[in-house]
Amino acid sequence: MFRHTAPWSRALITSERYGSRMSKRRHSSTTVPFWSTSMITSRTVCTRFSSARRRSAEETRTKRLVDENAAEVAKYDDLARKALAAGNEDDARTFLAKKQQLDARSASLRESYEAACANAAKMRQMYDKLVSDIEELNSRREAVKAKVAVARTQDRVNSIASGADKAADAMGE
């Protein structure tokens, strides 16, 4: 095999060289799909329900944009005041025009922030409900397991008792 200098050819060589091992890992019988596990834990919900994290990230991102916009508005307002104090009315008008543009943008940013906050609250509420439902179902599952174990033990006790009664009847005759 000759050596290529292009980066995509190295990837091909790597896949040719390690292809059999990669496919064995990919189709290994030790990996279990998410839906075939016997018990779902709250940790599984955390990893599978990552959109709640995305929602809070969206909330912080929009909050940062609102804060940055407010800082820009304050900056241009201060610059306009300084320009008026220095007697530069043209500069003050440009700064005020820029401030008005930022003010108009701040309304839409606030609306998007409020929507992100509402979505984040809704997602947190759904996440908490899912976690509580999973915990409840796991406790029910454990209760059913306990009832099955009690029933099996009772069956064993009954079979031993019936065997002892048969033995006593056989000896008593």
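Tyr76 counts as buried, at 15% relative accessibility, where buried means under 20% relative accessible area, exposed means over 50%, and partly exposed covers the range in between (1.4 Å probe, protein chains only). The structure is a predicted model, in which local features need pLDDT of at least 70 and side-chain atom pairs count only at pLDDT 80 or more, whereas totals for chains, interfaces and linings use all residues. Residues are numbered from 1 along each chain as its sequence is written, and side-chain values use heavy atoms, with hydrogens and water left out.

A search of the whole structure returned 1 aromatic pair; rings of Phe, Tyr and Trp (its six-membered ring) pair if their centres lie within 6.5 Å, and planes under 30 degrees apart count as stacked, over 60 as edge-to-face and the rest as tilted. The pair consists of Tyr76 and Phe95 and is tilted, with 6.1 Å from centre to centre and 40 degrees between the planes. It links distant parts of the chain, since Tyr76 belongs to helix α3 (residues 51-86) and Phe95 to helix α4 (residues 89-172), 19 residues apart. Phe95 is partly exposed, at a relative accessible area of 22%.

The ring of Tyr76 also has the charged end of Lys75 over it, 5.1 Å from the ring centre. A charge sits over a ring if NZ of Lys or CZ of Arg is within 6 Å of the ring centre and within 35 degrees of the ring normal. Lys63 is placed over the face of Tyr113, at 5.5 Å from the ring centre.

The protein contains 4 helices and 0 strands, in the order α-α-α-α along the sequence. Helices (H or I, at least four residues) and strands (E, at least two) are DSSP runs, numbered from the N terminus. Of the 173 residues, 14% count as buried. The accessible surface comes to about 13800 Å², of which 55% belongs to carbon and sulfur atoms; accessible areas come from the Shrake-Rupley method with a 1.4 Å probe, and for residues only the protein chains shown count as cover. Among contacts (heavy atoms within 4.5 Å) between residues at least 6 apart in sequence, 70% join residues at least 24 apart.

The whole structure holds 12 salt bridges, each defined as a side-chain nitrogen of Lys or Arg within 4 Å of a carboxyl oxygen of Asp or Glu. In helix α3, Glu68 and Arg64 lie 4 residues apart, about one turn of the helix, and form a salt bridge whose closest N and O atoms are 3.5 Å apart. Glu68 is partly exposed, with a relative accessible area of 42%, and Arg64 is likewise partly exposed, at 44%.

Helix α4 contains both Arg93 and Asp90, 3 residues apart, about one turn of the helix. Their side chains meet in a salt bridge at 3.4 Å, N to O. Arg93 is exposed, with a relative accessible area of 54%, and Asp90 is exposed, at 60%. Helix α4 also holds Asp133 and Lys129, 4 residues apart, about one turn of the helix; their side chains form a salt bridge at 3.0 Å, N to O. Asp133 is partly exposed, with a relative accessible area of 27%. Salt bridges also link Asp77, Arg81 and Lys99 in a network.
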